[in-house]
Amino acid sequence: MAKMNLLQAVNNALITVMEKDERAMVFGEDVGHFGGVFRATSNLQQKFGKGRCFNTPLTEQGIIGFANGLASQGATAIAEIQFSDYIFPAFDQIINETAKWRYRSGGQFSCGSLTIRTPYGGGIAGGHYHSQSPEAFFAHIPGMKVVIPRNPKQAKGLLIASIRDDNPVLFMEPKKIYRASVGEVPEDDYELPLGKADVVTTGSDITLLAWGAQVEVIEKAAQMAKKDGISCEIIDLQSILPWDAEAVCQSVYKTGRLLINHEAPLTGGFASEIAATVQQECFLYLEAPIARVCGLDTPYPLAHEKEYMPDHLKTYEAIKRTLDY
Amino acid sequence: MIDFILPDIGEGIVECELLKWLVAEGDSVREDQPVAEVMTDKATVEIPAMHDGVVSKLYYKIGDIAKVHAPLFALEQTGGNQQKVSEHESTQISEKSVAKAALSTNLKNSQTSRIEAFVLPDIGEGIVECEIMQWHVSEGDVVQEDQVVVEVMTDKAVVEIPAKYNGKIIKLHYKKGDIAGVHTTLFDQAVEDMSDSGPTQSAEASKTRESLSTNPTQNDESLPVDAYKQGETFTPPVDLGRALASPAVRRLAREHNVLLNDVSATGAKGRVLKQDVLSAIAGNGQADKQASKSSNNASDNQAESPSSKQSASMLSDVNSHDKVESIKGIRLAMAKQMMASVSTIPHFSVSDELRLDNLMTLRTSLKPVFEAESVKLSFLPFFIKALSMAMTSFPIVNSRLNDQATELTYLHAHNIGIAVDSKIGLLVPNIKNVQSLSLFEIAKQVNAIIERAREGKLTNVDLSGGSISISNIGAIGGITASPVINKPEVAIVALGKIQTLPRFSDSGDVIAANMMMINWSGDHRVIDGATMVKFNNLWMDYLSHPEKMLVHLR
Amino acid sequence: MKQKTQASTQQPQDRDHLLGIKATNEVNIIKNGLVDIPMLQLLDEQGKEINKSHSPKLTKTEALKIFQSMTFTRLLDDRMVGAQRQGRISFYLASKGEEGSIVASAAALESQDMIMSQYREQGTLVYRGYTTDQFMNQMFSNKLDPNKGRQMPIHYGDKKLNFMTISSPLGTQIPQAAGYAYGQKMAGQPAITICYFGEGASSEGDFHAGLNMAAVLKCPVIFFCRNNGYAISTPVEEQFAGDGIASRGIGYGVPTIRVDGNDVLAVYAATQEARALALSENCPVLIEAMTYRLAAHSTSDDPSGYRSKDEEARWQLKDPILRFQRYLDLKGWYDEKAMNSYIEKSRDAILVSLKKAEQVAINPLSDIIEDVYDTPPWHLKKQLDELEAHVAKYPDEYPKTAGR
């Protein structure tokens, strides 16, 4: 075990993979000698050489197009998109190529060995273009997997699993807690299962569901609610696609109440999918409507960032409203 | 010419029985027209023709066993649809339709586990509630099918309730001593590997037949596989203690301050329906549930144990204030039963004395024979058998009168009841069909019944359907009695104690005679005094001269 | 030439990005056409070799194989356009007029080279031995189609023949080819990737991203642009203002050659040379093949709306098959009778294969959730169950999959 922050855990995961897999390559803007703008890829070029860890020109569509070809050739391609706000030029390559590569070829070819890493999320005074949480766009692509860790230990295990999973994975890293989230991380090679949610705390009165940096937020809200005698069950969804509906539903069968928190704007956010599925599966078990505590339907603001964010206070209020329904 | 090959229907079926030919050789058939009915292990299936044509040969007779992969019938193709169909193809097509038909009979909608709520059934004859005497399991125990889960005490008996399925006990809905209403859930059990309620074999087979006959082959919609289950992707756990209800129903319950957990759920998926909530709202104003029917077989009113206990506790009450004891269970039932009997049946009595000496001699001589079979022989078997023989001559004693006294039903079976002191009080179980039983068999049953009564294991069956009752109160004491008829029977006899009394013999000497007083109560609507006396005379004649029983013994 | 220094692991690099740039003292805004990029021709229109010393060394077998492949491609195209008109397939894309570019370039490759194409390069598959049945099965989207009936006709893909499955979005294969080639290089394989696209697709962002990346990352990839004059109805003068596509290659630092796309020998020679260069120097090469799309864009297109018959007639004279036939004839390798017989037999075989493929059923419904991921997750299994139950309820409405 070693104490690591989330960034170090990511770095550790990459080293772990690259040491064992000769065909693993990391590339993107500034990831080479510089080690990435967040230092997630530091020392990789030094350790593994320029052939396996290199800068690419500044073109997200090029990076992902290149990554698609590389992965289909059989290499373990780990591409970085510097900010998830910039992933959109690569949208065509991801949706029309990456996600469909296996299906359209009848299984002859695939991009299963592709992983795209990208920092996402707000809370760093990043404004419109350094704060977005685009997971909902990618949740809508059959063929992609989307994975989001909440802390260093989950990050390392999930990233290693994502890289090794024989399906293209978009691994979204909550940049707000890159350094702030610190924890004990096993130093060995381990994987955590994709497609499975993690029940962080058990409770009986309401299920709180979030991912990435927002898990800490709902935990904080749960502490406040505890003082009111409300027992909250906290779930980290971990995988957005495919998502662990069973775990969430089993929790809601028990508690009868669900609250989902995400930074991304409310309308069409991933909470909508969760709410729709849970109401279908748990219709008779619901004591109150499902609450969604999300960002506003606005571009991510700078000066009003604090007010925009679905913070622990908004979550706490929503818990109370749900319990009082 | 094309042979129709009986296809491999699957699941190891290698042959089927030719039930019916729907056509004859030489008949013209159209494509899809049913040609034969065959019966497999699973179902009766219709075989349709694959082409237009004329039936040229039927390869089997009715009742023959047709082999799979062998020709069933031959067809000369005619008409525009003439296509050279390979044997493989024809097998494929017919396989498809027959397989589809067979599929519908094999339908298994299995779920790996679900909650099974054990609802206290109507135990019988108007019982509406019972007391939880003893749980034999705890929450979390895994029980086997038939394993006793709980003992409940009804109006009549202590009844053991066994588990219907294998599975883990998830929740016990009552504590020991609680009164559980009939039709409420006693306990929840997680049941494994149960098939969802699919149609029975015969229903499926007829459905298949129907669909095949109207629209065979590809057009048949007999595939009832409906995997579209909204909201049933996952299996909820059982130990929730939470009521299921739709939001609309929850609103209703809340508006009326009804706790959903307290409402009986009658809806699909175990949910509380709007109607259930409305019933609960209405029921909240009602008094305790009352017994609707009155056909309880309570004993006659000679139960001293409760009363003696009662007086004892009163005596020992140092503080000398009134003590209130609630009457429930058997005592309540008995009270009600007595009321019903006395208030609706005009009782009259007939008494006589019975000389037992001959019977005693007979019994003494027969005792070793019975003991050799480990059966204790008391007087009761004789009394019982003799009663049955007498009833044969006086069938009116084995009858039922309806409440309006407009209809009398003569019962066939002689189910003779004996009052026994059971674990929970005096009950009157009966021995069935005494008319067909030997003395030996009756003796065995008497012993068994007494044993069961002692252990509190008398069943509902034991306690119902009686023809006539015997109360051997004399075994304890007393000479005469006025027994209360065990409604809906029409007569009851109380036996006094055996006394050795001086009587005159035929020759005028005074002898010591073993005498027993016999006390009949009869339903005067049905039995008149003369009939009662004649009946009793016959019965006593059998008992005082038991050898006379041999004359009419069956 | 700019000097690219190796990165040191210890100290930050000391670079000079002005190295190699001369100064000028005149305000001279450079206009178009700075670099002259001529078109390579080795075969004239009568089939005569123009510069034998630069002609590729083709054996008779090789030459005839090229010729037969081109011929077969044209026969297949003719048949399938007709089939589309008959309503037997929904869509077809013919390569008439471009067989030279396509087949000759494929002929200059090795079998281990990966082909990543756009959509008009069926000739490469013909050359590599894709059977008629295989073509037909894909076009009829039946259960023998390796794509399992998932894509429109002409979206071929074959792992064994190293032909990457085609996708409809244009130009996406360009950066992918750079990546694939990079992988081949890193795996130490003596193989390259060839990437085909039209001049229209070259306007896509992926072209620029891909060429640039290939050049910077040193990927052994041949970018083969078929400049056939039209992107559906858009002529080249409405597609770009620069000097074709070749000028861009130079702009990206990609070694470039322009060829007469209807000249089999030129195309072959250029591709052969490009391959050698790519492998030896681990660099991309851009080949711009100047050719003409005699066919319509697809069966959904009618060119008479945007170009004259005279223009088409002019290009008919430059028909690559005709030109090469003349070449073969001059070499004494052309057997007319044999060729006619081959044409007849091929026509029949194509028709037989078409009719056969037409009869084959489509994939069973259960395939619909396969290959979305490596294994179907729970939610796909559930959706399939529901779908199968639904289809079972209305078998007449879903005759192709009901009961299977």
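Accessible areas are derived by the Shrake-Rupley method with a 1.4 Å probe, and for residues only the protein chains shown count as cover. On that basis, chain C of this predicted model has an accessible surface of about 18700 Å², of which carbon and sulfur atoms contribute 51%. Residues are numbered from 1 along each chain as its sequence is written, and chains are lettered from A in the order in which they are written. Because the model is predicted, local features need pLDDT of at least 70 and side-chain atom pairs count only at pLDDT 80 or more, whereas totals for chains use all residues.

Chain C contains 12 helices and 8 strands, these being DSSP runs (H or I, at least four residues, for helices; E, at least two, for strands) numbered from the N terminus. Of its 404 residues, 53% are buried, that is, under 20% relative accessible area, with exposed meaning over 50% and partly exposed in between (1.4 Å probe, protein chains only).

Within chain C, M152(C) lies in the loop between α4 (132-139) and α5 (173-186). M152(C) counts as partly exposed because its relative accessibility is 41%. Leaving aside residues up to four places away in sequence, M152(C) touches F91(C) and Q138(C), where contact means heavy atoms within 4.5 Å.

Chain B holds an open sheet of 6 strands with mixed pairing, in the order β17-β26-β25-β24-β20-β23; two strands pair if DSSP finds at least two bridges between them. Its edge strands, β17 (347-355) and β23 (430-431), each pair on one side only. Strands β24 (residues 468-471) and β25 (residues 491-504) of chain B pair in the parallel sense over 3 bridges, and I470(B) stands opposite V493(B) in β25(B).

Notes:
Side-chain values use heavy atoms; hydrogens and water are left out.
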